[in-house]
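Subject: Structure handover and findings

Hi,

Here is the structure for your files. Please load it before reading on.

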Amino acid sequence: MESGTTLPGITPRNSSATLTTETTPSKRSHVNSQPPRQDIQTPSSAWRSRADAWEFLGYAFKQLAKGGQGIQSRSGLQDQAVQALRLLQAMELYWAAPGLAALAPLLNCMDSGDYDAGLDMIRGMAHLMPSAGPGPVGPRPASPGPVSPDRVGPEPGQSGAERSISGVPEDSRERRPARERPRFDVLFVDDMTEQEAEALKAELLAQRRPSDAFTYELIVVPSYEDALVALVLNPAIQACTLRPGFSIASSQPLGRDLRKYLAGLVGPDLAGMPPLGRFLSLAEQISELRPELDVYLVAGVAMESLAGSLTKRFRRIFRRQDNLDLHLSLLSGVAERYRTPFFTALQEYSRRPASVFHALPISRGGSVGNSPWIRDMADFYGMNLLLAETSATSGGLDSLLDPHGSIKEAQDLAARAFGSQKTFFVTNGTSTANKIVHQSILAPGDVVLVDRNCHKSHHYAFVLAGARVSYLDAYPLDKFAFYGAVPLATIKARLLAYRRAGRLDEVKMITLTNCTFDGIVYDVERVMEECLAIKPDLVFLWDEAWFAFARSHPVFRRRTAMAAARKLGASFSDPGYAARHAEQAASLHDPVTGAPADDELWLKTRLIPDPAKARLRVYATQSTHKTLTSLRQGSMIHVFDQDFSEHNQESFREAYMTHTSTSPNYQILASLDIGRRQVELEGFGLVQKQADLATIVAQAVARHPLLKKYFRSSRRGTSLRRPIGKPAVPCRSGMGWRHWRTPGCTTSSSSTPAASRWTSAGQGSTATLSGTGTSPTSTASKSTRRHVTPCCS
């Protein structure tokens, strides 16, 4: 997505926004025979509004069916129910069920006064109703209509073959009723008539079999814009299929935030693009928005002419007639993300009739089940925990210290999920993860720049590595009683001071906390970019103990170390980037001697590194157990280091061996495997919900007559003065989509759901070089810091 793009706010908005409609109606414009009123628009965060509307409809039909209300009360309830139906008409296009088809009969029942029939319809769709969460809660049948819960495919004798999905445990492929299977939505993008859409759904759903591990429903949207809106609003979508013929603009009454979001993505040049260009553009937008999704293309031309140019952007390319292959691909794509190699291996091991002769008396529950004194442990935890407790590294369980099987596969899947080149599981928390990284990179005497307020594990790691520490001071936010981040100017000034002293070669790495306990995160891409312009081989460790969730959502993803490293890597390979560097380098160096210009100029300039010299060596440590699903102490190390194999692989292995137990907790490892699965299949929806709820709480506090006297959250327009008096970048209100592409702050921004604020870092002053005579665990007194006076409204 281009710089300046705004995304729709996560916070539910008032629906009375300006309406923009498509000038050329699509073929599906008649599907919704009673379009929503012009003042009711699709909200940018629909999960709460949609759930509330369906719940209210059930209440309204029940009350109206009872009768007994006064004429005025009855009329008011009818009006509100019709209003709820109109609101749903603006949203249900983007969900498979109940969907738009369910609204017209309900509206007819309301108009005719047949409330009993309407109530029966809603009760019959109870299992299809959304919950008060962003994704589906509880399974639902594979298709609407009178389908037996024990059959989801064609009758025996119909076309199609029995099949299974690789990567899914055998017991998950048994003939389970459809409502007990994990289900997902598949988005088709093509401008077709209602009859064509229903025929497509029937053709694909006819391929299903009781042996399928999952079940899915189809959503058909007619336009480029509708596809993006569906992906923003509906986290249940797990796959997208693009077909020739989709239009560009949406005819839906989209809200203001959604329109602003689309305006930054859908330019006038799209209308003149050939179909192939539209395919590629939409596929890139989908990858940017939700990179975990599988994207397919149904081509209308010769397959051979497309295969070479499109295979990098699409998982597979099909002909229109390949419904069976498409169906199998949809299931196998989700199965690949569903796969948990180590957790599955541990389950299979626990079911084996094995005996233990060497160690671990608790294994198989041997020391617990037969004891009259500690049997309550099995009662509390269950036998599965004891059956899975083992010290074996055979039977598919693999070794954490030298993984070649299920653990290696699980770590490879985690690397894919979190956007790293390599990922390593850690079973003793991020404290150990930090020590592993530092000890692998630092040699005795190396200088490391670090935020003085970092976690204690960093201080101890420096002692163990024999490194010299140059502490950087974060700006204090006295009014909020916490510290922010280290200003970018402070970091640059420290590096320039080492260069001026002729000691830049001593600096090996920089360690920063992203995000802090209080929710401050950095503009990671800019920090690394400008630091590499001064020292091209600088190694970065980003302590993201509280930021593991960020990969799941585009609002937060761009602030992560792995996403920023990947983006910088793409920039470095762009010839235009090299040209911009060359132009800037001429202005920052003496044309005769080639010596660097004055440090003040370097501090004022947005630096561009030399892509031919800069080395991307980026590490991130994450406490999976803090913000994702994992047992306590479950953590990961993510690596994006282009020199890893050459410069750090062996030392990293030795550091990993040093700090990792030879008896790792298999339950923690299994939970990391499971947590990765959840990130890829529902992380987007869960993070969006939490961000919504954080903003809802902030708004509720702001409206509460008592609480607002004591609590308030930062809003757009709130600013923090920089120490040198320059105006700060304004704080951004909420956690919204619409702000995720606004110009980056100088150094940091608060963007965790709990924080519910965006804060910019101020400029800092040049400090003396450190590394001699400073205790690694010492902290500067408050009086020695430069203070930032927050200016909050």
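Below are the findings, grouped by topic.

This is a predicted model: local features need pLDDT of at least 70, side-chain atom pairs count only at pLDDT 80 or more, and totals for chains, interfaces and linings use all residues. Residues are numbered from 1 along each chain as its sequence is written, and side-chain values use heavy atoms, with hydrogens and water left out.

Salt bridges

The whole structure holds 30 salt bridges. The criterion is a side-chain nitrogen of Lys or Arg within 4 Å of a carboxyl oxygen of Asp or Glu. Three of them are described here.

Glu336 and Arg416 pair up at 3.4 Å, N to O. Glu336 sits in helix H10 (residues 323-338) and Arg416 in helix H15 (residues 406-418), 80 residues apart. Helices (H or I, at least four residues) and strands (E, at least two) are DSSP runs, numbered from the N terminus. Glu336 is partly exposed at 26% relative accessible area, and Arg416 is partly exposed at 36%. For these classes, buried means under 20% relative accessible area, exposed over 50%, and partly exposed in between (1.4 Å probe, protein chains only).

Arg499 bridges to Asp599, with the closest N and O atoms 3.7 Å apart. Arg499 belongs to helix H18 (residues 488-500) and Asp599 to helix H23 (residues 599-604), so the pair ties together parts 100 residues apart in sequence. Arg499 is partly exposed at 21%; Asp599 is buried at 17%.

Arg615 and Asp643 meet at 2.6 Å, N to O. Arg615 is in the loop between H23 and S14, and Asp643 in the loop between strand S15 (635-641) and helix H25 (644-659), so this bridge ties together parts 28 residues apart in sequence. Arg615 is partly exposed at 29%. Asp643 is buried at 7%.

Shared partners also build a network: salt bridges join Glu336, Arg339, Glu409, Arg416, Asp673, Arg676 and Glu680.

Buried parts

Helix H6 (residues 224-233) is largely enclosed by the rest of the structure, because 10 of its 10 residues are buried. Among them are Glu225 and Asp226.

Ser623 occupies the loop between strand S14 (617-622) and helix H24 (624-627). Its relative accessibility is 0%, so Ser623 counts as buried. The Ser623 side chain makes a polar contact with the Thr430 side chain at 2.4 Å. A polar contact is a pair of N or O atoms within 3.5 Å; within protein, one must be able to donate a hydrogen and the other to accept it, and residues adjacent in sequence count only if both atoms are side-chain atoms. Leaving aside neighbours within four places in sequence, Ser623 is in contact (heavy atoms within 4.5 Å) with Thr430, Glu544, Ala545, Ala548, Gly634 and Ser635.

Cysteines

How many disulfides does the rule give? The count is zero, taking a disulfide as a pair of cysteine sulfur atoms within 2.5 Å. Cys454 is buried at 8%, and Cys515 is buried at 2%.

Surface and loops

Leu706, Leu707, Tyr710 and Phe711 form a nonpolar surface patch with about 450 Å² of accessible area together. Patches take residues with over 30% relative accessible area and no salt bridge, joining like charges within 9 Å and nonpolar side chains (Val, Leu, Ile, Met, Phe, Trp, Tyr) within 5 Å. Areas come from the Shrake-Rupley method with a 1.4 Å probe; for residues, only the protein chains shown count as cover. Leu707 falls in the loop between helix H26 (666-703) and strand S16 (719-720).

Best regards
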